[in-house]
Amino acid sequence: MLQNIFQFLITGLTVGSTYALIALGFTLIFNVSHVVNFAQGEFVMLGAMAAIFFSGLKMPLFLAIILAIILTTFIGILFEKFAIERAKGASLTSLIIITIGASIFFRGLALVLWGKNTLSFQHFSGENPIRFLGATILPQHLWIISLTAIVVTVLAYFFSKTLFGKAILACSYNNKASKLIGINVNLMLVVSYGISAGIGALAGALIAPISYMSYDAGTMLGLKGFCAAILGGMGNSFGSVLGGLILGVVESMTSGIFSSAYKDAVSFIILLLLLFVRPQGLFGKGVSERV
Amino acid sequence: MKKNFMLTLMALFVFFTMVLSVSSISAADKEIKIGTFLSITGPASFLGDPELKTLQMYIEEINKKGGVNGNKLALYHYDDGGKSQDATEAVKKLIKKDRVDVILGGTTSGTSIAVIDIVEQEQIPFISMAGSIQIVDPVKKWVFKTPHTDKMAVEKIFEDMKKRGFTKIALISGDGGFDKSGHAQCVALAPKYGITLVSDEFYGNSDTDMTAQLTKIRSADAQAILNFGFGKAPAIVTKNIRQLDIKLPLYQSHGVASKDFLKLAGDAANGIRLPAAPLIVAEQLKDSDLLKKPLLDYKTKYEAKHGEISTFGGHAYDALMIAVKAIEKTKSVDKAKIRDEIEQIKDFPGTAGMFNMSATDHMGLALSSFKMVEVVNGNWKIVE
């Protein structure tokens with residue numbers, strides 16, 4: 001039994017780190033504009049599909065992935081320029097509806113470009129499971145966990161140590177004041193959408209070998225990432241990573257120890273309870289409304 | 001004078017256009033109208049897509065050969081996106097607006113079941129391309145279907161398990177309609193075959209990892225695993241089993257009987273057994289098998305135009321051919337007569353097997369028409 005629990009834990013952590021990576025994308029855009037970008041899952045899907053497409057052109061694996069990330073980043077920037085920026089001054093709700101519209105558009109685009117079939121992607125370094133204390137883990141899982149860790153560290157450094165990162169954070173605290181002290185708020189928005197899309201694409205390329213990818217797979221992945229971000233406290237990078245890991249472990253423990261039929265129900269109940277008790281999420285700071 | 005001439009000309013013009021339009025109406029009247037509603041978009045689109053292509057391809061071919069009883073076939077088609085609501089709307093349009101003579105379609109069990117009430121009320125022959133046994137059990141006067149039922153799939157699998165001496169089975173299934181219906185059949189039929197389900201696990205069809213459920217199954221003392229699922233999830237289950245180094249024999253349902261599944265699961269698929277329509281193993285049938293020629297015919301024609309066949313397109317072929325056969329025989333488009341003829345179809349070699357319809361069986365397929373296949377070196381092989 002102990003060995004099984006260890007396997008559940010490993011499974012939970014690996015699944016959770018994919019949620020975490022997706023949640024990070026939500027957090028970034030939310031930080032700058034307080035918009036929940038519901039097209040985040042589609043960035044994941046686009047990244048994976050593009051990587052599969054490029055590697056299908058006989059490109060080396062890592063070149064294909066980098067190209068896919070660049071392409072998706074570019075799409076993210078275009079999305080900000082032509083959809084979000086145009087709707088300047090619109091209410092938050094309208095902006096969020098725009099992101100939902102964009103997600104439908106991206107899905108349609110992928111459907112036309114790559115068809116309806118589910119596609120597979122090669123594992124980065126083989127498929128032979130690694131045995132570890134009676135549990136098994138795939139090399140791909142190690143890729144996911146380590147790259148998630150790297151992305152989190154780089155982002156943390158970017159936001160706390162660089163002027164540019166600090167400028168983005170400033171926008172999230174007070175848009176008007178940032179403008180007054182000379183921060184180009186528009187540019188910050190463009191950059192955060194670009195980074196979000198890029199991180200999403202990386203997540204997609206990492207997940208695709210394990211979970212495959214199809215034009216409509218982004219929605220569910222996005223939803224899980226959104227839950228993780230809420231759980232950890234929207235707007236908190238470390239929180240969303242922990243939120244992702246917790247969500248993954250809860251899911252796998254529930255299906256392993258209790259019943260897999262209640263897996264999703266249990267995670268949603270935890271999420272709801274948490275929102276009742278701590279609406280700002282596990283690690284989020286409370287929002288204080290100034291009067 | 002000149003004015004009069006113009007008037008005459010105009011009168012003539014009006015007269016001729018009227019005559020022409022009248023004659024075009026009567027020509028359209030002679031057309032045999034085939035109505036269809038399929039899931040071209042939405043989650044079941046990969047089923048609906050080959051179905052529509054098949055219908056279009058064969059209707060074109062039949063028309064080139066002069067049609068049925070000298071009348072051309074016309075296809076009226078609506079996309080229901082996999083939604084029951086849209087399916088009922090489409091069928092209402094087909095009946096009231098397009099006035100079709102026969103309705104084919106219903107890609108999914110959900111959309112098919114949703115329209116049963118309307119077709120029964122409007123009394124129009126309807127041939128479904130979906131799996132669920134509920135479509136034809138209990139028998140409804142105007143409703144037929146061409147694919148094997150999920151009940152038959154479970155029976156075929158349990159038969160094979162019994163032959164190999166497996167009595168303790170771990171079941172793992174998804175949360176879609178197909179999976180749930182199959183799961184219910186497994187639970188209901190297991191005692192009949194002396195099989196105990198020692199583990200009964202579930203996953204969400206968009207889940208990315210099933211190792212937790214499979215770890216549980218690993219310690220459940222089962223002799224074989226049965227995965228009833230559809231889409232990419234069974235491929236993930238297959239790979240996860242390999243990852244966890246579980247050596248138990250794995251059975252899948254007919255839901256994965258496509259080349260796509262083999263591509264996704266790769267080497268991990270070797271050794272899997274599943275029941276499938278004979279279409280995917282057409283080449284391996286004995287030459288004496290009456291199904292072999294029509295199956296290979298369909299396969300070559302479809303693949304020449306659209307690439308890789310799937311059993312789903314085959315269901316559309318079967319539905320269309322059964323309808324055409326019935327219309328040919330009645331030599332009319334009288335709906336009641338067409339229905340009676342469909343019920344009389346005997347020894348029709350379709351892609352799903354030999355069809356023998358009757359008043360009590362509106363599917364007409366025997367269990368033997370299902371083939372048990374095993375994946376050997378990334379390809380299907382019939383298990384004798």
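Ala323(B) touches Ile34(B), Val102(B), Leu104(B) and Ile127(B), leaving aside residues up to four places away in sequence; two residues are in contact if their C-beta atoms, placed from the backbone, lie within 7 Å. Ala323(B) is also among the residues with the most contacts inside the largest nonpolar core, together with Ala48(A), Ala51(A), Met213(A), Ile225(B) and Leu320(B). That core holds 180 residues, and its largest share, 16 residues, comes from helix H8 (residues 185-211) of chain A. Domain 1 (29-148 + 291-367) and domain 2 (151-276) of chain B both contribute residues, so the core lies between them. A nonpolar core here is a set of buried Ala, Val, Leu, Ile, Met, Phe, Trp, Tyr and Cys residues joined through C-beta atoms within 7 Å. Buried means that 20 or more other C-beta atoms lie within 10 Å of a residue's own, exposed means 12 or fewer, and partly exposed is in between, with C-beta atoms placed from the backbone.

Before going further, a word on the model and its labels. This is a predicted model, in which local features need pLDDT of at least 70 and side-chain atom pairs count only at pLDDT 80 or more, while totals for chains, interfaces and linings use all residues. Residues are numbered from 1 along each chain as its sequence is written, and chains are lettered from A and ligands numbered from 1 in the order in which they are written.

Now let's step back to chain B as a whole. Its C-alpha atoms fill a box of roughly 100 × 40 × 40 Å along the principal axes. Chain B has twelve helices and 14 strands; these are DSSP runs numbered from the N terminus, with helices being H or I of at least four residues and strands being E of at least two. Of the 384 residues in chain B, 50% are buried. Taking contacts in chain B between residues at least 6 apart in sequence, 66% join residues at least 24 apart.

The two domains of chain B, whose bounds come from an automatic or database domain assignment, have C-alpha centres 30 Å apart. Eleven residues of domain 1 of chain B are in contact with 13 residues of domain 2 of chain B. On the domain 1 side, the touching residues divide into two nonpolar, eight polar and one charged. For these classes, Ala, Val, Leu, Ile, Met, Phe, Trp, Tyr, Cys and Pro count as nonpolar, Asp, Glu, Lys and Arg as charged, and the others, Gly among them, as polar.

The axes of helix H2 (residues 45-64) and helix H10 (residues 292-306) of chain B come within 11 Å and cross at roughly 105 degrees. Axes are lines fitted to C-alpha atoms, for helices over the stretch in contact, and angles run from 0 to 180 degrees between N-to-C directions. H2(B) and H10(B) are therefore roughly perpendicular to each other; angles of 65 to 115 degrees count as such, with those under 35 roughly parallel, over 145 roughly antiparallel and the rest oblique. Here Lys53(B), Thr54(B) and Met57(B) in H2(B) meet Lys301(B), Tyr302(B), Lys305(B) and His306(B) in H10(B). The residues of this contact comprise two nonpolar, two polar and three charged.

The peptide bond from Asp137(B) to Pro138(B) is cis, with omega near 5 degrees, and Pro138(B) sits in the loop between strand S4 (126-128) and strand S5 (143-145). Asp221(B), in the loop between helix H7 (211-218) and strand S8 (224-228), has a positive phi near 65 degrees. Lys331(B), in the loop between helix H11 (311-330) and helix H12 (335-343), has a positive phi of about 55 degrees. Asp221(B) counts as exposed, with 10 C-beta neighbours inside 10 Å, and Lys331(B) is exposed with 12. Most residues other than glycine have a negative phi, and most peptide bonds are trans.

Finally, turn to chain A. The axes of helix H1 (2-33) and helix H9 (residues 218-232) of chain A come within 7 Å and cross at roughly 75 degrees, so H1(A) and H9(A) are roughly perpendicular to each other. By class, their contact has nine nonpolar, four polar and one charged residues.
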